[in-house]
Amino acid sequence: MELLQVAEVVSKEKGISRDEILTAMEHAIQKAGRAKYGHEHDIRATIDKKTGEVRLQRYLQVVEAQENIENEATQIILKAAKRSNPDIQVGEYIIDDLPPIEMGRIAAQTAKQVIVQKVRDAERHHQFEEYKDRVGEIVSGIVKRVEYGNVSIDLGKTEAVLRREECLPREHFKNGDRVRAYIHDVKEEQRGPQIFLSRTHPMFMARLFTQEVPEIYDGVIEIKSVARDPGSRAKIAVVSNDSSIDPVGACVGMRGSRVQAIVGELQGEKIDIIPWSPDAATFVVNALAPAEVTKIVLDEENHRMDVVVPDEQLSLAIGRRGQNVRLASILTNWDIDILTEQEESARRQQEVSVRTALFIEALSVDDVIAHLLVTEGFTKVEQIAHTSVDELAEIEGFDEEVAKELQDRASAWLTENAEKLEKKRLELGVSDDVVNIEGLGLEMSIKLGENGVKTLDDVADLAGDELRDILGADNITEKQANEIIMAARAHWFNDEDKES
């Protein structure tokens, strides 16, 4: 009964189940039994969970015949086993009770170490199980020690680590300080659970808003995205699920009380609260506040956006060291280019002149017709060739005859141009496999050939940045470049599968 009382006390102290304590005791007694009777024997200890009675037993596994025996200390042949139990079968065990052992000082010390170790392991496992489900929560603790900028924080039952790079700039802690931080990772390691905290993580600010603004906690207001430059500036996008509640006003609070509490926790980090919108252009305009936007040009294919601002608003839109536009880009998940009205006008004029010159050369038309096509939104000869005659005839000043002639000229130019490109590709020695990579095509393949990239392996050996440098960063996004390289590498994996 003393064993059961000890298990009960330790269970309450450590917060571990009584059964786990008793299992640790069984391991300790089992180890002592093997030390007395021989480690080669299969000796097991059990503790009755009601009476506390300890039983020490030796197990012998029954095998078919002598040649099946691998260890004589733990196995017995069927013929010998049947003398003590006629009904026994192969694979079952003969169990012999052993007399209780009197533990000496060394055996008792060893047993104690085993129990302590098992209890510690169980405690660590419980801590890991508790904290692994708390990733994403804010916890509060007391600074225990600071080493090279890394802060160890006592959370009560366990310790957590706040690394130097996860602290806000110019933030210093000393022993005894109370700290709030965000659990961003929990790992189970040999020395116990490692809990990693952060005060720079974007979700730390989001969780602070959840604590300070009841409407967010209740789900009336939803946080859509967060972008932070820790310790300096942040943007948070919010939307209300109730049309009668202003999401920005609720987050700011009466006289800024709610947002000021968060600013104080983040060491004076300036926070812009942005109303979220399902319309990408409206959302970007909101995100670039306080700068005013006069025009937006969307490129949905490359997920880019040209934002035009008045000349005097340029520095405000970009922000110090590009901070404002960088945070707006992270918040909206769009690549944003800021242009002044003058720059945008010059770019547009250049694009119009380039496209006009292309149509004059390709279609053998005068400046007026080429300009009309550009004004109608045509950017490539392919678009004219593939647009129906009826649609082309609807352009002011065109009729069916003109439209048909333009379409025929466009088709003829495309055929002639494709033949020239194909001839050049063959001269450069660019393989068919390269041309057939999805997203590459003939013109880009020729550019690669001019730079010595002629086979699938040549393309596969490139990095994304190298491919963009060759083809032009304006012609291909980073994502598209990586997809092309992975498509070129596909045959490597196919070859490995065939070999295996």
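1. A quick term to begin with: buried means under 20% relative accessible area, exposed means over 50%, and partly exposed lies in between (1.4 Å probe, protein chains only). At 13% relative accessibility, Gln 194 counts as buried. Its place is in strand β9, residues 192–198; strands (E, at least two residues) and helices (H or I, at least four) are DSSP runs, numbered from the N terminus.

2. Before going on: this is a predicted model, where local features need pLDDT of at least 70, side-chain atom pairs count only at pLDDT 80 or more, and totals for chains, interfaces and linings use all residues. Residues are numbered from 1 along each chain as its sequence is written, and side-chain values use heavy atoms, with hydrogens and water left out.

3. Back to Gln 194: leaving aside residues up to four places away in sequence, Gln 194 touches Asp 185, Val 186, Lys 187 and Glu 189. Contact here means heavy atoms within 4.5 Å.

4. Now the inside. A nonpolar core is a set of buried Ala, Val, Leu, Ile, Met, Phe, Trp, Tyr and Cys residues joined through side-chain atoms within 4.5 Å. The largest has 23 residues, and Met 205, Phe 209, Ile 236, Ile 262, Leu 266, Ile 271 and Ile 273 touch the most other members. Elements giving two or more residues include α5 (202–212), β11 (233–240) and β12 (270–275). The top contributor is α5, with five residues.

5. There's also a second, separate core of 20 residues, with Phe 378, Ile 395, Ala 403 and Leu 414 among them.

6. Trp 492 is partly exposed, at a relative accessible area of 31%.
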